[in-house]
Amino acid sequence: MGGGGSEGSGGGGGASVRETRDFANVASFSELPFLRSAPPRESPNSGIRLFGIDVPPASPEGRMKEAAAVGGSATSAAATQRSSGTAIAANAAPDSNRKFECHYCCRHFPTSQALGGHQNAHKRERQHAKRVQMQSAMAAAAAAAGGVHHHHLLSYPQHRFGATLYPSWPTVSGGSSAAGFSYGQQFYRGIGSVGQPINGNPLPGALWRGPLASHGNMGMPLAGERRPVALSMFGGDEPRASASLGAPSSSSSSSLVLSPQAAELARARAGSARRARLASAAAALAACQPAEAPVAASLETAFPETPSEQDAVIVLNTAAGSPATAVLALRWFLQNAEVRNKVILYNVVFKVLRKKRRWSETEALWDEMMRDGVRPDNTTFSTVISSARACGPPGKAVEWFEKMPEAGCSPDMLTYSVVIDACGRAGNAEMALRLYDRARDERCQLDPVICATVMKVHSTSGNFDGALNVFEEMKAVSVKPNLVVYNTVLDAMGRAMRPWVVKTIHREMVSQQVQPNRATYCCLLQAYTRARYGEDAMVVYRVMKDEAMDIDVVLYNMLLSMCADIGYAEEAEEIFRDMKTSMDSRFKPDSWTYSSMVTLYSCTGNVPGAEGILKEMKEAGFKPNIFILTSLIRCYGKAECTDDVVRSFGMLEDLKITPDDRFCGCLLTVAADTPVEELGKVGDCIDRSNAQLGAVVKLLVDRKASTESFKEAARAILSGVCSVVKMPYCNCLMDLCVNLGQMEKACALLDAALQLDIYSNVQTRTQVQWSLHLRGLSVGAALTTLHVWMNDLYTTLQNGEELPPLLGIHTGEGKNMYSGKGLVSVFESHLKELDVPFHAAPDKAGWFLTTSVAAKHWLEAKKSSES
């Protein structure tokens, strides 16, 4: 069933040979071959033109020599090739009267393009012909190969894998050395190749040709070349290996050539069987009892033949049994497997022990390895050091690191990275940095792993500048930061409260086309929420939400806390809704979430909102804690709901929660804004929370109490509370003094606070300017400080001293979280009431400036009016 109608023999012309064609099994017209006689040759010795290239004819001597050497089938194959080439050359010649005939309906077309367009009409016939070609080829392969079935070529279950399937043809010299030739490389199309012309032949022509003879010596296969596999075509012929192809064959039967894809599939199936066998062995090993006899029996069953070193590595690495089982299996493989490098198997078991966090077994296996005379390598030390870092005693990682020179191993960057990280985790930052300097002194090439490790050590120890310096150093030596490095430095700068640096590094990361991951966005979110960068934090949050990234409850609570502090009510409500609608129970609101929402509503005085959150919290099964009650009392106090304040304080006692200093500070804040007629109710709550603080409030409210006694009592309470609440206590008490008109007591309290260094750097003096710094003070504390400062300025003038050219007051430009008013606006109104010649500086926000001349004139006028 050849591809052409008639084919000449080799040489200059021989007897015409027509191959036998079987038309009995043809099922449709589309399967019939189109037979066309070859065009007449001009001359036996004339050249041919292949693809536009003139090919000279072979000499008569060469043709005779070839015919004598190749013989029978090879001659016929060569003749087929030359005849086909001649037909191609003849068809390639220009012929203006040529017609192109359709092989299906016998219509003629003037051009090949027209014929090609017409082929769409026979799409169904062509598909059917291709299926018939494939089926016929597979059937012929099964009938011819005997032991080799075609099922594996079609991805069906393989019943039998015969020995006649060869993966490739080896390089073999030709048959007779006297003939002076050898077979060259053969190139065949695969089964069902797309490149085969549609001629109605059920089988491709390549399947019906034996290896073609060519002059010259056979060269070595090209790199990556996969040669086809030749199989016998008919059942009566025995398959022949390619090593016998060099000898002339007396059989006239053709050979079936399996495509490289089929051979590759066969090799893949053989590999799959091996992997399945090893997986079964690993599963059986994992199910064994950790005893020598069961482990040996299991492995002997799995490996009836001697296992290889690679088999041992795969089984030890994938078995999920106990560490004792892994050690027993290691001993069995060392005795029964073909192991060339024992340390590889030991390294695999060391890794298993590290994963199971078994440090004592790791040390025992090391001793066994030493007794076995196995020399450790760098991988061994890296694995043992990382195991010591994960589950060993502190300092063991460095101890094992120091053993490396004794074993003849030089630390590489991976080993340095592991031991530096171990030192960092153990809190030994000094040792970690010393090892880092040692690695650089040894001219070790820096890599992103060790740089990220050192930056993490710096960040953990609080040396954020050191982390940033390592980041800049690695870029200076042309080490490109990767994702882990960027995430590490972003986390460090977030902890350092440097959001501007975080934004710069993130922009650089994007410009370097490093794709951020969830850890990146978590670092950004933490950095922006800590620094109260509300807009940037919300942008990152919405990106994470759009990308469907997991946002845990800690990040949610950080966002809500930021929103509560900066007054982002709508954004906080959006985040709270997202938490409640989340399908994952890990992201549902917790007590801290409800506390942040109550704090948000307390800042704005939204009593219904705060009470609604408290109700939801109780329905969710959470009990109010001291933080929620603190925020709730502040909300009621802001709304001037004194009775609700007292009721909330009763809830504190019912829940048996002990008031702390922060809670008492909240009661002081409420007392400062409570009307005088209801001040006793709040004072009673303060006295029940802290009797010493209640006594100070009573002395403050009582106008008959002496200022000195009040000052001593306030000094005692301020000395005993924690440092976090000292300034808030002073602010609230001075606010209460100002509201009650007790300016003398307020000045005495300010003097006590200055002595205790609660207010530091309130006044600064230079030759050019004297300044009063009120940022961070409450309104009452700021007005008290201004009053004392003005008196000091007048005293200076009375003593005959000169004032500097400029006087300034710095209030800042923020606003109080609970009052909703900025100190700058309140202070500006107060300065206008006093008619003080201080005016807002146009180029310095939050500053009020005046000249010494104007201040002197105002002070003299004020004192004369008072007298």
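**Aromatic rings and their labels**

Tutor: The charged end of Arg 765 sits over the ring of Trp 770, 3.9 Å from its centre. This is a predicted model, in which local features need pLDDT of at least 70 and side-chain atom pairs count only at pLDDT 80 or more. Side-chain values use heavy atoms, without hydrogens and water, and residues are numbered from 1 along each chain.

Student: What makes a charge sit over a ring?
Tutor: NZ of Lys or CZ of Arg must be within 6 Å of the ring centre and within 35 degrees of the ring normal. Lys 403 also lies over a ring face, that of Trp 400, at 3.8 Å from the ring centre.

Student: Why is the pair of Trp 592 and Phe 627 called tilted?
Tutor: Rings of Phe, Tyr and Trp (its six-membered ring) pair if their centres lie within 6.5 Å; planes under 30 degrees apart are stacked, over 60 edge-to-face, and the rest tilted. The centres of Trp 592 and Phe 627 are 5.2 Å apart and the planes are at 40°, so the pair is tilted.

Student: Why does Trp 592 count as partly exposed?
Tutor: Buried means under 20% relative accessible area, exposed over 50%, and partly exposed in between (1.4 Å probe, protein chains only). Trp 592 is at 47%, so Trp 592 counts as partly exposed. Phe 627, with 37%, is partly exposed too.

Student: Is Phe 471 buried or exposed?
Tutor: Phe 471 has 1% relative accessibility and therefore counts as buried. Tyr 486 is buried, with a relative accessible area of 1%.
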